[in-house]
Amino acid sequence: LWEIQALLKARPVAGDPELGRQFLDAAQELLRKAYQPEQVTASISRLRAADRRRSSDPNRPADIKYGAGGIRDLEFMTQGLQLIHAGRHPDLLNGNTLEALDLLARAGVMPSAAAVTLQGEYTFLRRIEHCLQLFDDRQVHALPADTEAQAALARRVMGSHTSHQAFRQRLADVMHHVRRAYEEFLRAPLGSLTTNG
């Protein structure tokens, strides 16, 4: 199922454009299948548990991509909801997380206010990721351990007058909310399934 989930992001980037279009058409058929919420949430839970084990070392700084409440929680929650609901709402299939959140709200899968909040939080987490990677000139997702480097990152992300403490608090709030939303929205389909038979 995780391979089908990955197809949400598939785009032809080289070669025969017609062959790429045919591939995406075939992928759409797979993505529009009626996947059981239990299957989707179990698959995503296994993937996220493996990510969190990798990033849960208490001696390492916070991981904004793979840690609980990070970028992957938000992306996987969004993709999971797309897979669960695309059978009835095929227009949900969109590889852009921000646009997909908007489509989920329009389809009534999540409240509009929740989608707007999550879009802001996703943008915030991605901004941190981009600043980290520009600063280190490599793929990095963990906050720097050094207080001075954290303060520099805080200023890049939130403005020149931001302290690293204010930045850390905002990040903690965002990651806590994202994790709570992940748990709520991926469990909701299971609850509605058992309630309605």
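A nonpolar core is a set of buried Ala, Val, Leu, Ile, Met, Phe, Trp, Tyr and Cys residues joined through side-chain atoms within 4.5 Å. Buried here means under 20% relative accessible area, with exposed being over 50% and partly exposed in between, using a 1.4 Å probe and protein chains only.

Hi everyone, a word on the ground rules. What you see is a predicted model, where local features need pLDDT of at least 70, side-chain atom pairs count only at pLDDT 80 or more, and totals for chains, interfaces and linings use all residues. Residues are numbered from 1 along each chain as its sequence is written, and side-chain values use heavy atoms, leaving out hydrogens and water.

Let's start inside. The largest nonpolar core has 49 residues, and I64, M77, M110, L118 and I128 touch the most other members. Two or more residues each come from helix 2 (17-31), helix 3 (37-55), helix 4 (71-85), helix 5 (97-106), helix 6 (112-136), helix 7 (147-158) and helix 8 (164-195). Helices are DSSP runs of H or I with at least four residues, numbered from the N terminus.

What does I64 touch, leaving aside residues up to four places away in sequence? Its partners include I71, L125, I128, L132, L171 and M175. Contact means heavy atoms within 4.5 Å.

Now for some helix pairs. Helix 5 and helix 6 cross at roughly 170°, and their axes come within 8 Å. Axes are lines fitted to C-alpha atoms, for helices over the stretch in contact, and angles run from 0 to 180 degrees between N-to-C directions. The two helices are therefore roughly antiparallel, the label for angles over 145 degrees; under 35 is roughly parallel, 65 to 115 roughly perpendicular, and the rest oblique. On the helix 5 side, the contact includes L98 and L101, and on the helix 6 side, L118 and Y122.

Helix 6 also packs against helix 7, at an angle of about 125° with the axes 10 Å apart. That makes helix 6 oblique to helix 7. Among the residues in this contact are F124, I128 and F135 of helix 6, and L153 and V157 of helix 7.

Last stop: Q79, in helix 4. Is Q79 buried or exposed? Q79 is buried, with a relative accessible area of 8%. Setting aside residues up to four places away in sequence, Q79 touches Q5, L8 and K9. Q79 and N96 are 17 residues apart in sequence, and their C-alpha atoms are 9.9 Å apart in space.
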